[in-house]
Amino acid sequence: MVRTAGAAGPTLAVVAREAGVSVPTASKVVNGREDVAPETRRRVTEALDRLGYVRRPRFEANKPPALIDLVVHSLESSWSGAILHGVEEAAHDAGLEVVVSAGLTRTRGGRPERGWLDKLSARGSAGVLFNLAELTPSQYAWLEQHRVPYVLIDPVLEPPPGVVSVGAANWQGGVAATEHLLALGHERIAVVGGYRRKQCSGARLAGYRSALSAAGIRHRPEYVRHGNFDETTAHHRMLQLLDLPEPPTAVFVCSDWMALGVYAALAERGLRVPDDMSVVGFDDLPEARWAAPPLTTVRQPLSEMAATALRLLVRMMAGARPEGTRTELSTRLVERASTAPPRQGLSDSP
């Protein structure tokens, strides 16, 4: 069982004696200082593990509010705005302060640059939330070695075993989007996915294929394109779909941002949404409501995902461990004005 330092567990002096180092040296390791020899750090870390010492939670009575870090992919999108909103509200309820950083530091020779990690240590952050982060093995190792609790929000890749993450039910969202188009009478349904290797993109594509299969609709490889979650790339992919000998009558686009690129491609060819092409997005960002026509999309609860991650992090900071490592929140279809039955004569498959 994990124990915190203090009356219920070993003191730092006990850890130092066990590792054969001075108390200041043991303190440097516990607080993430870099000016410790690797062999010394190893001995102290092993002693910490043997004795069950973890850093004392920082949110105690009569203490300044605990500090956590939120690392987001970018600060320039409404997607990040929804994440920030969820974290801020949950942090306020928990009595925490939040430091926000945009992106992770680059790596040199497979090792993380010192800048961001040093700042994390210097601030004495009690934990970290990573949003859309693609951590390197050395960054995971640094966090584990320095005993920094962390939670991933919508991780880019499948996290290593034991890493706690929060995401949306992407597979079910892909099913719901495709079933909606099938119910309208569409059979020639294309999909514009995100990055091929991104976890959420793969799940949404799998949901699309599953819904087609359940409806007895033949899956067409030429109807699957990847827009890399980029508006301009999605624009090009939609033009490619329109140039097929038999173009689709509907398209499921795996993000709202990409759906805007699809809208632009259709307008460029003089086609109307939804009269000539039905479009379903994914995310339910504010831009989906502002689009013309307003975009039918799959809502993933971004603010709720962020708040859930923060609450999990608070439990970990207190020494608890979540029962499961992956938490998924439900998605749902939000119907607006971008979908309609296919025009007469366009719905039949060959």
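The model is a predicted one. Its chain runs to 350 residues, and 52% of them are buried. Secondary structure comes to 12 helices and 16 strands.

One helix pair can be described in some detail. Two packed helices are described by the angle between their axes and the distance between the axes. Helix α4, spanning residues 78–94, packs against helix α12, residues 302–317, at an angle of about 40°, and the two axes sit 7 Å apart. That angle makes α4 oblique to α12, and their crossing is right-handed. On the α4 side, the residues involved are W79, A82, I83, H85, G86, V87, A90, A91 and A94, and they meet L302, S303, A306, A307, L310, R311 and V314 of α12. By type, the residues in this contact of α4 with α12 split into 12 nonpolar, 3 polar and 1 charged.

The backbone has a few spots to look at, starting with two cis peptide bonds. V273 is joined to P274 by a cis bond with omega near 5°, and P274 belongs to the loop between α10 (256–268) and β13 (278–283). The bond between A292 and P293 is cis too, with omega about 0°. P293 falls in the loop that connects α11 (286–290) to β14 (296–299).

Positive phi values come next. N228, a residue other than glycine, has phi near 55°. N228 sits in the loop between β11 (224–226) and α9, where its relative accessible area of 28% makes it partly exposed. D284, also not a glycine, has phi near 65° and is placed in the loop between β13 and α11. With a relative accessibility of 15%, D284 counts as buried, because the cut-off for buried is under 20%.

Last up is H236, which lies in helix α9, residues 231–242. H236 has a relative accessible area of 40%, so it is partly exposed. Its C-alpha atom is 8.3 Å from that of V262, a residue 26 positions away along the chain.

Terms used
Residues are numbered from 1 along each chain as its sequence is written. This is a predicted model: local features need pLDDT of at least 70, side-chain atom pairs count only at pLDDT 80 or more; totals for chains, interfaces and linings use all residues. Side-chain values use heavy atoms; hydrogens and water are left out. Helices (H or I, at least four residues) and strands (E, at least two) are DSSP runs, numbered from the N terminus. Buried means under 20% relative accessible area, exposed over 50%, partly exposed in between (1.4 Å probe, protein chains only). Axes are lines fitted to C-alpha atoms, for helices over the stretch in contact, and angles run from 0 to 180 degrees between N-to-C directions. Angles under 35 degrees count as roughly parallel, over 145 as roughly antiparallel, 65 to 115 as roughly perpendicular and the rest as oblique. A crossing is left-handed if the near helix is turned anticlockwise from the far one by less than a right angle, and right-handed if clockwise. Contact means heavy atoms within 4.5 Å. Ala, Val, Leu, Ile, Met, Phe, Trp, Tyr, Cys and Pro count as nonpolar, Asp, Glu, Lys and Arg as charged, and the others, Gly among them, as polar.
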